[in-house]
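Open the model in your viewer and keep the selection tool at hand. The tour goes from one stop to the next.

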Amino acid sequence: QVRLVESGGGLVQAGGSLRLSCAASGSITSFNTMGWYRQAPGKQRELVALIISGGRTNYADSVKGRFTISRGNAKNTVYLQMNSLKPEDTAVYYCAADFRDRLYTSGMNYWGKGTLVTVSS
């Protein structure tokens, strides 16, 4: 059974930085697409950033220039470096993965339970 486990969330002041990590277990095959979504209170879940195995990325406009997604050397790991955080970045951040190329297509098959990021003003 595939599991995605996020870590690295927490409370940070506006302008600060956090690094989220996600590690997958239970799969001997590398995911094609890995990435991050977020859901703020009272809002729908939205894309933050995705990366495919070839290295191409897709970012939400709201985080371009501030967030950087990368894949780790260990198989099926992904990171999200978040800089210049704003209060509007406050949300539960979910790791997601899929064996297909989902860089510009919705419908990721595997999801973590989420990690809370709170940015204070």
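**Stop one: an arginine in a loop**

Select Arg66, in the loop between strand 6 (57–59) and strand 7 (67–71); strands are DSSP runs of E, at least two residues, numbered from the N terminus. This is a predicted model: local features need pLDDT of at least 70, side-chain atom pairs count only at pLDDT 80 or more, and totals for chains, interfaces and linings use all residues. Residues are numbered from 1 along each chain as its sequence is written, and side-chain values use heavy atoms, leaving out hydrogens and water.

Is Arg66 buried or exposed? Arg66 is buried, at 11% relative accessibility (buried is under 20% relative accessible area, exposed over 50%, partly exposed in between; 1.4 Å probe, protein chains only). Now show its contacts (heavy atoms within 4.5 Å). Beyond neighbours within four places in sequence, Arg66 touches Gln81, Met82, Asn83, Ser84, Leu85, Lys86 and Asp89.

**Stop two: aromatic pairs**

The whole structure holds four aromatic pairs (ring centres of Phe, Tyr or Trp, its six-membered ring, within 6.5 Å; planes under 30 degrees apart are stacked, over 60 edge-to-face, the rest tilted). Select Phe99 and Tyr110: the centres are 5.7 Å apart and the planes at 80°, so this pair is edge-to-face. Phe99 lies in the loop between strand 9 (91–98) and strand 10 (110–111), and Tyr110 in strand 10, so the pair ties together parts eleven residues apart in sequence. Phe99 is partly exposed at 35%; Tyr110 is partly exposed at 27%.

Definitions and conventions: Helix = DSSP H or I, 4+ residues; strand = E, 2+ residues; numbered from the N terminus.
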